[in-house]
Amino acid sequence: MILFAVAALAPVPLLAVGVGFGGAWVLASVLYMTVLAFALDQAIPHIAPDAPDAEFPGSDALLVAIALAHLAMMPLAVWAVGGVSGLSGWERAGLFFGFGMFFGQVSNPTAHELIHRGNRWLHTLGVAVYTTQLFGHHASAHRHVHHRHAASTLDPNTSRRGESYYRFVPRAWIGSFRAGLAAENALRKKRAEGVHPYVVYCGGAAFCFAVALWIGGIAGAAAWIGLALYATAQLLLSDYVQHYGLTRARLENGKMEPVSDRHSWNAPHWFTGAMMLNAARHSDHHSHPSRPYPALRLPGPDAAPWLPYSLPVSCGIALVPSLWRRVMHPRLNRWRTLA
């Protein structure tokens, strides 16, 4: 838990001091989540062992701390980037990328963990994080659609072999919005209670837009939308990478085979794994959605496909479609042969 806390929370003071003092602090926040994270993964070839079956009482507390930090940092980031912060152009740009990477690589895994919690308040906190990123519907689509239909054509957030990230994004965003809405409507036919979640998602997004206008006018609204889009693009990039080209077979009875370790790409890298709350141990999450992030197992490379690089580096490669196909298709072919 100490490693998770240090790796995930370290950008918070760097970004906060960067807003106050600019200069090298801005650069430090960006370098932490890029160069330093990559260097530590490579310089220390360590694979964190699977945790023993045990309770992790501090795991939810860390999620709450990160989520609350996110809710405070989002308006701070908007003020720094689009408000009257007095920062120079390059400092504003640096903070945009620094905050954006934190929201994309730390806030998103945190919200993802929270929406899987049975506790109502923890779940609501996760929804709040996604809503500030104008992506609240992910709380519905991920649980009710992605976990049910992953690695099939029924899941808009499963990328297809040969599909570029740039073709995947609009299909995934629009498709998940529609599929999540359909799933929530179907659930409400069985048990209609409380406010429709999509009212919360859309109303929350409108509230965020109003806050952004209050903070910095049109420039503030543009900054909030830009940061939200940047963070969401990273979430969708993770989805794209972690299920790329993997498909479930259809059984003789017409149903899809159950989701297993074979249907997600994983990565064993220790530092980015800690910073992203074990998001790269994706197979075990699909097998055990309620399992807390410190306890997620890493299946061996003979049991589940492994990415050739850490999740953030693999995501960077995916931004260049020709390079991505050259790196991944031989591995995908070999895995399909083994599977």
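Let me begin with a definition: a residue is called buried if its relative accessible area is under 20%, exposed if that area is over 50%, and partly exposed in between, with a 1.4 Å probe and protein chains only. At 27% relative accessibility, R262 therefore counts as partly exposed.

Before I go on, please keep in mind that this is a predicted model, in which local features need pLDDT of at least 70 and side-chain atom pairs count only at pLDDT 80 or more, while totals for chains, interfaces and linings use all residues. Residues are numbered from 1 along each chain as its sequence is written, and side-chain values use heavy atoms, with hydrogens and water left out.

In one of them R262 meets E257, with the closest N and O atoms 2.7 Å apart, and E257 is buried, at a relative accessible area of 13%. There is also a network, in which salt bridges that share partners join D60, E113 and R117. Within it, the side chains of E113 and R117 meet at 3.0 Å, N to O, and both of these residues are buried. R171, in turn, forms a salt bridge with E163, where the closest N and O atoms are 2.9 Å apart, and E163 is buried, with a relative accessible area of 11%.

Now to the aromatic rings. Rings of Phe, Tyr and Trp (for Trp, its six-membered ring) pair if their centres lie within 6.5 Å, and planes under 30 degrees apart count as stacked, over 60 as edge-to-face and the rest as tilted. By this rule the count comes to 18 aromatic pairs. One of them is Y165 with Y240, an edge-to-face pair at 5.8 Å centre to centre, with 75 degrees between the planes. Y165 lies in helix α8 (residues 165-190) and Y240 in helix α9 (residues 197-242), so the pair ties together parts that are 75 residues apart in sequence; helices here are DSSP runs of H or I with at least four residues, numbered from the N terminus.

Which residue forms a tilted pair with Y240? That residue is W324, at 5.8 Å centre to centre and with 40 degrees between the planes. W324 sits in helix α13 (residues 321-338), 84 residues apart from Y240, and both Y240 and W324 are buried. Finally, Y165, Y166, F168, Y240, Y244 and W324 form one aromatic cluster.

Methods: Helix = DSSP H or I, 4+ residues; strand = E, 2+ residues; numbered from the N terminus. Salt bridge = Lys/Arg side-chain N within 4 Å of Asp/Glu carboxyl O.
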